[in-house]
Number of protein chains: 2
Amino acid sequence: MGNSVVLKGNLLYSTQLNEITALPDHYLVCENGTVSGVFAQLPERFSGLELRDYGDRLIIPGLVDLHMHAPQYTYRGLGMDMELLDWLNVHTFPEEAKYADLDYAQRAYEIFVRDLARSATTRISLFATIHREATELLMELLERSRGVKALVGKLNMDRNSPDYLREASAAAAAEDTALWIAQTRGRFQNVAPIITPRFTPSCTDALMERLGRLQRETGVPVQSHLSENGSEIALVQELCPDTRNYGETYSRYGLFGGEGCPTIMAHCVHCPEEEIDAMQNNGVFVAICAQSNTNICSGVAPVRTYLNRKMRVGLGTDIAGGAHLSVFRAMVDAIQASNLRWRLLDDRLKPLSVAEAFYLGTKGGGAFFGKVGSFEEGYECDAVVLDDENLPHPQPMSLIERLERLVYLSDERNVYAKFVAGQAVDL
Amino acid sequence: MGNSVVLKGNLLYSTQLNEITALPDHYLVCENGTVSGVFAQLPERFSGLELRDYGDRLIIPGLVDLHMHAPQYTYRGLGMDMELLDWLNVHTFPEEAKYADLDYAQRAYEIFVRDLARSATTRISLFATIHREATELLMELLERSRGVKALVGKLNMDRNSPDYLREASAAAAAEDTALWIAQTRGRFQNVAPIITPRFTPSCTDALMERLGRLQRETGVPVQSHLSENGSEIALVQELCPDTRNYGETYSRYGLFGGEGCPTIMAHCVHCPEEEIDAMQNNGVFVAICAQSNTNICSGVAPVRTYLNRKMRVGLGTDIAGGAHLSVFRAMVDAIQASNLRWRLLDDRLKPLSVAEAFYLGTKGGGAFFGKVGSFEEGYECDAVVLDDENLPHPQPMSLIERLERLVYLSDERNVYAKFVAGQAVDL
């Protein structure tokens, strides 16, 4: 019963979009990795479980990062003076090519996996590179660290990429991806594969078609990029003149949500109405990557539009378009970008509140992983214990205010303890 | 000769707006608090000075914060779901009123002063509260900590403020300010007073007139807020119907730059053309407070316009409209806001580069304090030694790249040593 434990402290979590539940000095009961309930007094029937008392600290659901590029971690914060397509060619592609070298991959991924374990993130969906072996190495390192539960994607790229970072053909790319899925699916406790066409500019129709077939055969989920940047969208239109929008370049091959095909699309900054309709109808998850969209000047996604339509929305750090691994920072970035969008572009779309951003970074994105991101009964018990002693203040503060400050001000030093599906993480 | 020292390491600093000078493994010579030069080999004539060898670390000029509210520090990161005037009434004014109690002020200001000393900031211009005694206490704490050189303003407020935070009359406010200046000017080595009408909505014409007279009598510099938010600007127009713009509500009383009246105006988000002309003609310093302007939805200042006109510009953290004390963060905030302004509002105004933001946060703002913010000969020797060992990377990086990463990723843990006018700071 390593995954059964009772955590005591101040519990804060979302059950719905615009409200944070705050329960002072409560018990969170986890049995076999799943939440059995939250209680002001611990019921007698749980008295046999290990109790960890975190005193006046805050206990929140683990944070969820729906979009992040693992090989870009060690050069985050560099080259932020460019737009997407230039930035890919100058910075990203040369760096990702290095992952053909497993020694390099090991050194770089170890840095990332260690920092990720120490963060408040408990679930993450990752892009790796086109290299099958380095991608498996990343999965092994994540499994060993037990710091998160992760989906990991070997990339697919067979066009519009430099020679040194392009797979030989659609068939070769798809076969390699099929082999990788066969070798990794079900092999790990905390890591699983996700089918990842990098984005339409770097995948031929032939490759997309094969990946769609592979998806239907395996049921493995899908992630990619969508409508991030104006030049990118124009390029997609040029490459796929027979589609009405960017989303259709995925959907016509069965890579865009719907029954049996859970899908994350990152960015969704400039989606036309019918693309949004398709995302909504297919239950596609939108990963809001506000800092990246700001850094490389893509724009600001209309998150309020997606929320008004009750679509599925979570947050992504999108390193290295974004520079920060913290999903708290992604919450602030999303709020701030929505503020400026409201002020500068469209005052009909109300900015995000802190409660809404917190929901997106926990339960909103968590839904992609199942019942994840809340302390409601039956949810997987991902929990982060936060210590705010390094943020002293002379005035009294409510629990909600203490959480709000941590959203704006915390870093990994504030992560005091962490549990993934009830399993304690070594920080 | 406590203020004479030779620092050895990788020197990075700005001499002009869009270029960072990077000198690997050089010597920075400081005599009596002033830079005597930078050298690849240490000239024999300096061999008698104490040498501190910082190895492969980066040494940069101390950062400069042109606008920050000291009493708002301990509740930074709270209440970010409002616009300016509501935010002042709900959060700021009740908190500032507590500074009538010197015990409370002591507890709160000690937290601020300690964190400020540990930061990369070496120069700062601060707003305090209307309370003379608490403001003097803040000045004493800053002097004792020796962590920065600071200008500190006792606020003036005699209208449009709650009873509990309003001075009795224009005469009473001005007399109190005059007494405070008499008691504090020349008393400290590292701290000096700055005349601070909070902003036009909270100062009657009678008070402004008296403050203008006081300025001319004492030569003390001036700081205030300008054209931050639409509702604020409309209120100013209503309060001062005989002025053509907000700036004129200061300039007609001699509180808006010009000969003998060094002035900082914070925000400058929505300045009309003739207000910008007046700022330019009078050499007013603009404090760009990008995070605050984003958090409370004020907008984005046209920093490129100010730079194209060769105006005087620096950065402000504007806590608690902004939530972060780090001027590195203020650099990133300024870049990101300029990105979104370019993308969403006006693509004629090119976004800021990292080099430009670094200039603004060092030499740009430093000019308000004299020859400050660079390592050119004759500059006051404010220097910060940065350690980036906690940001490991497998790929080689240039000095400029290492600095760029620190701009995006560093916090106070990266501040390894700090010198203010050649004097070592206890971190």
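Biologist: Of the 236 residues in the largest nonpolar core, which touch the most other members?

Modeller: A nonpolar core is a set of buried Ala, Val, Leu, Ile, Met, Phe, Trp, Tyr and Cys residues joined through side-chain atoms within 4.5 Å. Buried means under 20% relative accessible area, exposed over 50%, and partly exposed in between, with a 1.4 Å probe and protein chains only. In that core of 236 residues, the most other members are touched by A:Met279 and B:Met279.

Biologist: What kind of model is this?

Modeller: Residues are numbered from 1 along each chain as its sequence is written, while chains are lettered from A and ligands numbered from 1 in the order in which they are written. Side-chain values use heavy atoms, without hydrogens and water; local features need pLDDT of at least 70, side-chain atom pairs count only at pLDDT 80 or more, and totals for chains, interfaces and linings use all residues, since this is a model that is predicted.

Biologist: Through which surface do the copies meet?

Modeller: Compare the interface residues. Of those in chain B, 100% are also interface residues in chain A, so the copies meet through the same surface.

Biologist: What is the strand order of the open sheet of seven strands in chain B?

Modeller: Strands (E, at least two residues) and helices (H or I, at least four) are DSSP runs, numbered from the N terminus. Two strands pair if DSSP finds at least two bridges between them. The pairing is mixed, and the order in chain B is β3-β2-β1-β4-β15-β16-β17.

Biologist: Which are its edge strands?

Modeller: An edge strand here pairs on one side only. In chain B these are β3 (34-39) and β17 (423-424).

Biologist: In β15(B), which residue stands opposite B:Leu58?

Modeller: Strands β4 (residues 51-61) and β15 (residues 383-386) of chain B are antiparallel, paired over four bridges. Opposite B:Leu58 stands B:Leu386.

Biologist: How many residues of β16(A) are buried?

Modeller: This strand (residues 415-420) pairs antiparallel with β15(A) over four bridges. Two bridges also join β16(A) to β17(A). Mostly covered, the strand has six residues, and the buried count is five.

Biologist: Which residue in the turn between β16(A) and β17(A) has a positive phi?

Modeller: The two strands form a hairpin with two residues between them. The phi is about 45 degrees, and the residue is A:Ala421.

Biologist: Is A:Ser14 buried or exposed?

Modeller: A:Ser14 sits in strand β1 (residues 5-16) of chain A. Contact means heavy atoms within 4.5 Å. Beyond four places in sequence, A:Ser14 touches residues including A:Phe358, A:Tyr359 and A:Thr362. At 0% relative accessibility, A:Ser14 counts as buried.

Biologist: In which sense does α2(B) cross α3(B), left-handed or right-handed?

Modeller: Axes are lines fitted to C-alpha atoms, for helices over the stretch in contact, with angles from 0 to 180 degrees between N-to-C directions. The axes of α2 (residues 102-118) and α3 (residues 132-145) of chain B come within 9 Å and cross at roughly 35 degrees. A crossing is left-handed if the near helix is turned anticlockwise from the far one by less than a right angle, and right-handed if clockwise. For α2(B) and α3(B), the crossing is right-handed.
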